[in-house]
Protein chains: 2
Amino acid sequence: MNNLREIMALATRPGVLSFAIGLPAAELFPREELAGVAARVLRTEPSALQYGLPLQPLKAQIVEMMAWRGVRCTEEQIFLTSGSQQGMDLLSRLLLPQGGQVLFDEAVYDGIRLATRLQQPEILTVASDPATGMDVDAVEALLAGGARPAFLYAIPDGHNPLGVSLSREKRHRLAALARRYRMPILEDDAYGFLYYGEEPAPPLRALEEEWVYYLGSFSKILAPGLRVGWVVVPPPVAARLSPLKHGADIDTPSLSHWVVSAYLESGSLPAHLTTLREEYRRRRDTMLAALREHFPSGVRWSHPGSGMFVWAELPPGLDAVDLLRAAVETERVAFSPGAIFYGGAPQGARYMRLNFTSLPPERIEEGLRRLGRAIRALQEKPGAELASPPRLS
Amino acid sequence: MNNLREIMALATRPGVLSFAIGLPAAELFPREELAGVAARVLRTEPSALQYGLPLQPLKAQIVEMMAWRGVRCTEEQIFLTSGSQQGMDLLSRLLLPQGGQVLFDEAVYDGIRLATRLQQPEILTVASDPATGMDVDAVEALLAGGARPAFLYAIPDGHNPLGVSLSREKRHRLAALARRYRMPILEDDAYGFLYYGEEPAPPLRALEEEWVYYLGSFSKILAPGLRVGWVVVPPPVAARLSPLKHGADIDTPSLSHWVVSAYLESGSLPAHLTTLREEYRRRRDTMLAALREHFPSGVRWSHPGSGMFVWAELPPGLDAVDLLRAAVETERVAFSPGAIFYGGAPQGARYMRLNFTSLPPERIEEGLRRLGRAIRALQEKPGAELASPPRLS
């Protein structure tokens with residue numbers, strides 16, 4: 001079950017309503033506009049299909065986007081990648097020696113574990129509070145106690161899987177710790193452009209330029225199939241990433257890099273972001289209302305201000321993987337069980353991650369009605385679940 | 001100089017005629033057709049921009065292409081990558097432990113060194129004969145002597161940088177050695193579809209299914225900017241590559257995977273391959289004729305039947321890196337010095353790799369006229385070059 005493919009197989013079974021995968025809403029992709037720019041790029045840019053140096057105009061456009069997030073940077077600090085997952089992979093190769101330490105939230109995007117697996121790191125974790133996020137006191141205590149992680153990985157906005165965003169104070173403290181201990185922070189900002197209330201506090205990179213390595217992505221704000229991301233790092237780090245990317249998949253612009261650049265050139269992204277924020281806010285609100293209506297008492301959940309996920313906690317005695325199996329079989333509805341984000345540790349057993357962006361509101365309502373029924377059925381079922389020992393969370 | 005970026009910078013200086021990079025001919029990219037299919041895919045395939053499972057129709061199409069090369073395989077044996085460089089990277093992660101052994105030609109595509117660098121391997125090498133390629137006797141002697149490389153990397157057709165293709169007999173011997181010693185061979189077939197005479201001998205994968213892992217690419221036969229490649233491996237190996245690709249850049253189809261699949265569906269690839277073979281043969285013949293006409297006696301070169309490169313050897317006392325600097329400054333012409341492919345070892349000092357696919361015939365003729373002048377000028381120059389100690393080749 002701790003295998004993404006298995007979950008994806010369960011979650012994509014025909015007829016299953018799925019909250020499992022962090023999918024953006026496919027019906028909101030600007031397909032017509034991308035079709036136009038892709039055809040134009042291919043017809044008018046002889047270099048768009050050839051090997052070449054990384055795409056300078058796209059770097060300049062990303063510098064401008066970073067300013068929307070309150071981040072000042074230069075083109076020399078931008079390194080273009082194949083999605084932000086590649087940024088994690090290349091930075092792990094650069095920073096993390098074999099068997100070195102890394103520092104994660106205890107509940108964290110599973111891709112960062114995959115990106116560091118080859119180095120067989122010692123993974124230090126700090127508690128993740130669904131309401132306030134990473135325990136910065138615990139980070140400080142680890143560092144003060146002598147821990148020297150190759151990097152700390154953080155998702156300050158719209159955390160995956162918790163949905164939580166860090167307070168301004170926690171951001172300042174993390175930035176100060178990075179400086180004091182000369183510890184790089186990999187700041188994953190995949191969701192930072194997707195906020196549903198006031199503009200969020202500035203990213204860590206706006207507070208600390210030297211020790212925060214920012215990871216950006218077009219996957220959630222434009223389309224994952226483009227596979228375009230970027231990192232913002234000090235120029236000497238960018239220079240060292242290039243041979244690593246060359247070894248990984250050649251440090252050359254992809255057709256998608258050209259397409260994204262042409263799309264940005266059209267000036268359509270700000271309006272598209274507004275559309276995404278409005279529609280995703282509506283879906284989040286629908287999910288929160290449906291949770292109140294359909295979930296039995298005893299289930300608790302987060303109220304995300306950014307991103308794509310609600311994090312819910314089942315009552316003691318219920319196991320999320322058991323629930324997933326039952327929910328798919330009997331109610332044809334799926335979600336991601338917490339174990340995935342805890343690297344299989346038992347503390348994740350009662351949690352579930354619910355994506356609110358991929359389904360339209362009426363399907364969200366219907367799916368949570370079914371999931372609420374599945375939880376009740378499991379609660380009422382005599383036997384294994386209730387007999388299992390109480391779990392710590 | 002041992003840095004691809006520096007060479008690319010030299011070789012792409014405005015006004016420099018460059019034989020340095022392994023570029024396919026940009027003017028032959030089927031841009032209009034790709035523009036049509038890209039726009040159609042984006043307009044009609046809602047999944048083309050979304051996360052999803054690897055693209056099954058593309059796997060089926062590649063199975064058919066593999067049959068053109070005499071290789072029988074199934075869709076379960078195809079793993080899709082972002083260019084064949086990613087195949088090298090992922091297979092290195094899978095097969096090569098820290099500090100393990102690998103076995104290369106002494107002159108070899110530099111990307112395989114980059115793909116294995118993180119594991120800090122012990123690199124075993126065997127001689128590369130410009131006329132016959134990899135020394136299979138030496139491979140056998142190493143294995144018989146107890147060497148146990150995690151894999152052998154081979155380019156049986158249109159070797160990069162030598163241009164040579166292996167004899168049928170050497171292929172059978174390599175396949176037999178892989179079987180006998182249970183040693184995976186990474187067969188890089190980037191150039192196998194580009195032959196200029198009779199159809200070449202079958203790839204190693206046609207001779208040995210279990211121990212030969214085939215690396216294919218659309219970069220040279222369609223366009224590098226698409227970043228689409230594949231590997232053909234036993235199904236259990238394919239299954240183990242998936243989480244590695246997930247950690248590297250997410251194992252999801254890219255827009256390019258969809259575009260390539262739609263292009264293949266149109267049935268245009270066979271005619272396009274015929275066009276490439278005819279035009280590249282013309283360019284190769286132009287290069288060989290220009291070498292005879294413009295290069296001083298004492299320079300020797302290979303006569304490739306496949307691929308994109310001629311490999312030339314300077315007379316004793318001349319250094320290819322010195323020549324490159326002088327040729328760019330005085331004649332505005334560039335090539336790749338052999339040192340790149342020898343991992344900096346001094347045996348590479350007198351060699352040069354000349355790409356014959358990227359320039360039209362009249363530019364090839366002009367470039368080699370200039371390069372011949374630069375060699376003569378260096379030969380006639382008193383001082384450093386002639387005073388340097390003789391080099392082994």
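Begin by selecting Pro161(B), which lies in the loop between β7 (151-154) and α7 (168-181) of chain B; helices (H or I, at least four residues) and strands (E, at least two) are DSSP runs, numbered from the N terminus. A cis peptide bond joins Asn160(B) to Pro161(B), with omega about 15 degrees. In chain A, select Asn160(A) and Pro161(A): a cis peptide bond links them, and omega is about 15 degrees. Pro161(A) is placed in the loop between β7 (151-154) and α7 (168-181) of chain A.

The model on display is predicted: local features need pLDDT of at least 70, side-chain atom pairs count only at pLDDT 80 or more, and totals for chains, interfaces and linings use all residues. Residues are numbered from 1 along each chain as its sequence is written, while chains are lettered from A and ligands numbered from 1 in the order in which they are written.

Colour chain A by pLDDT, the predictor's confidence in each residue, from 0 to 100. Its mean is 94, and 95% of the residues of chain A reach 70 or more. Now select residues 384-393 of chain A, where the pLDDT is below 50; beyond near neighbours in sequence, this stretch has 17 contacts in the model. Two residues are in contact if their C-beta atoms, placed from the backbone, lie within 7 Å. For the model, ipTM is 0.94 and pTM is 0.95.

Next, display the boundary between the chains.

Select α2 (residues 31-44) and α10 (residues 255-265) of chain A. These helices pack at an angle of about 115 degrees, with their axes 9 Å apart; axes are lines fitted to C-alpha atoms, for helices over the stretch in contact, and angles run from 0 to 180 degrees between N-to-C directions. Residues making the contact include Leu34(A) and Val37(A) of α2(A), and Trp258(A) and Val259(A) of α10(A). By class, eight residues of this contact are nonpolar, none polar and two charged.

Proceed to Ile112(B), in helix α5 of chain B. Is Ile112(B) buried or exposed? Ile112(B) is buried, with 25 other C-beta atoms within 10 Å; a residue is buried if 20 or more other C-beta atoms lie within 10 Å of its own, exposed if 12 or fewer, and partly exposed in between, with C-beta atoms placed from the backbone. Leaving aside neighbours within four places in sequence, Ile112(B) is in contact with Met88(B), Phe104(B) and Tyr153(B).

Finish with two loop residues. Arg227(A), in the loop between β9 (212-217) and β10 (229-232) of chain A, has a positive phi of about 55 degrees although it is not a glycine. Arg227(A) counts as buried because 28 C-beta neighbours lie inside 10 Å. Gln120(B), in the loop between α5 and β4 (122-126) of chain B, has a positive phi of about 45 degrees and is not a glycine. Gln120(B) is exposed, since 12 other C-beta atoms lie within 10 Å.

How values were computed. Nonpolar A, V, L, I, M, F, W, Y, C, P; charged D, E, K, R; others polar.
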